[in-house]
Amino acid sequence: MVPLSFYLALSAVLFTIGVVGVIIKRNAIQMFMCIELMLNAVNLTFVAFSSYFNDVTGQLFVFIVMTVAAAEAAVGLGIILAIFRNRESLDVDEASVLRL
Amino acid sequence: MWSILLFVLFGGLAVGCAVAVVAQRNPLYSAISLIGVFVALACLYMTLAAPFIAAVQVIVYAGAIMVLVVFVIMLLNVEEEVRRPVRLQHMIVVGVLLGAALAAETFFMLTASGTTRVGPPAVRDVGSTTSVGTGLFTEYLLPFEATSVLILMALVGAITLARQGRDRAAAGGGGEAPGGAAGGQIIQPGFTAETGQAFARYQIEAGEASAPAERAAGREEEKH
C-alpha cells in the first residue's frame, strides 16, 4: 500500500507549484487559478489524513474548503471583471495603484 | 502494487498539469490544465477510499468553478500575455527560489515528523456519503450553518459588484453601444430584420466587432 508520506509529498509539491505561480504570474485570472491549485493541495492533505487515521473530520473540512473556494470564485471573478472594466487589462502590474 | 501504480499515474498527471497551469501563457490553456489537476485529484481521492469527496470534487470544482472561470475568460476575450518587457524581471527568479525554499522546508518537516511511519489502516470506512452526512449534520452542524451564511455573503457581494458595473455602463452608454448607431435610428430589442442589418452596418463602419472598439464608440457617441 502507499504510505501516507507519499500523499503529503505530492500535496507539498502541488502547493509549491501554486505558490510559485501566484508569485511569477501577472495575469489576474491565472493567479486566481494558482490559488485554486493551492486550495486543492490542502484538500489532498485533509483527505489523506482522514483516510489514514480513520476519522471523517478531515473530509468534512474538505467540504467546507470547497464551499469557501466556490464563494471565492464568485467574488474574485466579479472583482476581476470590475478591474477589467476599469483598466481594459488583466495585468496586475497595471493595477498596482489603488485608484483610477 | 496496484495502489502504488495508480498513485504514480494520477500523482504524475496532477503534477504535470499543475506545471502546465503555471507554464502556459494563454489563460484558457491554463484553465484546461487546471481541470486536469482536478480530475487527477478526484482519482486520488478514490484511491483514498473517499468516493463522496471525489464526486463533489468533479461536480463543484471541475464543473461549477471551472465553468465560471472559462466563462469569464471567454467574456473578457483575453489574449495571450503580451511579450513585453516585464517590469520586475528578476522577481521571477526570486519567486522560483522562494518556491524551492518552501518545498525544502516542507520536505524537512515531512521527514522530521513521524508521519512517514504511518501505514494504511486495516479498514477504511470513513469516506462513504453516510458517514460524511452524519458528521456534517451532528457534530459539525455549526460550521455547516456558518458556511451557508458565507455563501449568502458571496451571493450579495457578487451581485453588488455586477450591479455597479452595469450602472456605470448604462450611465456612460457603454453597454448598449451598438444600439444607437446607423443613421440616428435607435435600435430597440424586439426588431428582427432591421436590427440585424443595422447592427451589421454598424459593425462594418466601426471596422471590427471587438468589445473595446464598441465601448470606445459608445463613449465617443456619448460625447456629442
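How many residues of chain A are in contact with chain B, and how many of chain B with chain A? In this predicted model, 63 residues of chain A contact 71 residues of chain B, two residues being in contact if their C-beta atoms, placed from the backbone, lie within 7 Å. Local features need pLDDT of at least 70 and side-chain atom pairs count only at pLDDT 80 or more, whereas totals for chains, interfaces and linings use all residues. Residues are numbered from 1 along each chain as its sequence is written, and chains are lettered from A in the order in which they are written.

On chain A, the side that touches chain B draws at least two residues from each of helices H1 (4-24), H2 (28-52) and H3 (57-87); helices are DSSP runs of H or I with at least four residues, and strands are runs of E with at least two, numbered from the N terminus. H3(A) gives the most, with 23 residues. By class, this side of chain A has 44 nonpolar, 13 polar and six charged residues (nonpolar: Ala, Val, Leu, Ile, Met, Phe, Trp, Tyr, Cys and Pro; charged: Asp, Glu, Lys and Arg; polar: the others, Gly among them).

The axes of H2(A) and H2(B) (residues 27-47) come within 10 Å and cross at roughly 5 degrees, axes being lines fitted to C-alpha atoms over the stretch in contact, with angles from 0 to 180 degrees between N-to-C directions. The two helices H2(A) and H2(B) are therefore roughly parallel (angles under 35 degrees). Their contact includes Met33(A) and Leu37(A) of H2(A) and Leu34(B) and Phe38(B) of H2(B).

Chain B has eight helices and zero strands.

Key
Parallel < 35°, antiparallel > 145°, perpendicular 65-115°, else oblique.
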